[in-house]
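Dear colleague,

I am handing over the structure we spoke about, with the sequence alongside, and my notes on what was found follow below it. Please read them with the coordinates open.

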Amino acid sequence: NNILKLDTVDPGYISRIDRPTGRYDLATIIERMKAFEGKAVIQTMFLKGEVEGKEMDNTGDNYVLPWIATVKDIAPRQVMVYTIDRETPDKTLGKYTVEEMTAMVQPLIDEGFDVQVRG
């Protein structure tokens, strides 16, 4: 399984939450994901809360709609959506329910994507 992580397509969010080191070029990452030609799984974590005093929630339309468009463009064989499963270094981060996450990814489900939602 080629499991590829894509929590959002917002560079500021990626910088604050995922904290990549070195050069991180989102456009290049997405192009490399497309190169799998559908033989990949996109894995995404939805969460809410604050990081360093700033609200962090990748579930608003400004995050979800561009993410959905990108997932469609990548065309993976499966999408895995989940939320926080264990304690995080930042105690203000919280979980979403399976029902909430399912509603967020419903457009992908409606288009026939294989989407697994885990709480």
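Starting at the N terminus, the elements of the protein follow the order β-α-α-β-β-β-α-β-α-β, which amounts to 4 helices and 6 strands. Please keep in mind throughout that this is a predicted model.

On the overall form, the C-alpha trace spans about 40 × 35 × 25 Å along the principal axes of the protein. The radius of gyration is 14 Å, which agrees with the value near 14 Å that a compact globule of 119 residues would have. Of these 119 residues, 41% count as buried.

The crossing in which helix 3 passes helix 4 is right-handed.

Which residues in helix 3 and helix 4 meet? From helix 3 the contact takes in V64, W67, I68, V71 and K72, and from helix 4 it takes in M104, V105, P107 and L108. Sorted by class, the contact of helix 3 with helix 4 comprises 8 nonpolar residues and 1 charged residue, with no polar ones.

Two backbone positions also deserve a look when you go through the loops. E37, although it is not a glycine, has a positive phi of about 50°, and its place is in the loop between helix 2 (26-34) and strand 2 (41-45). With a relative accessible area of 63%, E37 is exposed, since the cut-off for that class is over 50%.

A75 likewise is not a glycine and has a positive phi, in this case of about 55°. A75 sits in the loop between helix 3 and strand 5 (78-82). Is A75 buried, exposed or partly exposed? At 35% relative accessibility, A75 counts as partly exposed, because that class lies between the limit of under 20% for buried and that of over 50% for exposed.

With kind regards

Technical notes. Residues are numbered from 1 along each chain as its sequence is written. This is a predicted model: local features need pLDDT of at least 70, side-chain atom pairs count only at pLDDT 80 or more; totals for chains, interfaces and linings use all residues. Side-chain values use heavy atoms; hydrogens and water are left out. A crossing is left-handed if the near helix is turned anticlockwise from the far one by less than a right angle, and right-handed if clockwise. Contact means heavy atoms within 4.5 Å. Ala, Val, Leu, Ile, Met, Phe, Trp, Tyr, Cys and Pro count as nonpolar, Asp, Glu, Lys and Arg as charged, and the others, Gly among them, as polar. The radius of gyration is taken over C-alpha atoms; the globule rule is 2.2 Å times the number of residues to the power 0.38. Buried means under 20% relative accessible area, exposed over 50%, partly exposed in between (1.4 Å probe, protein chains only).
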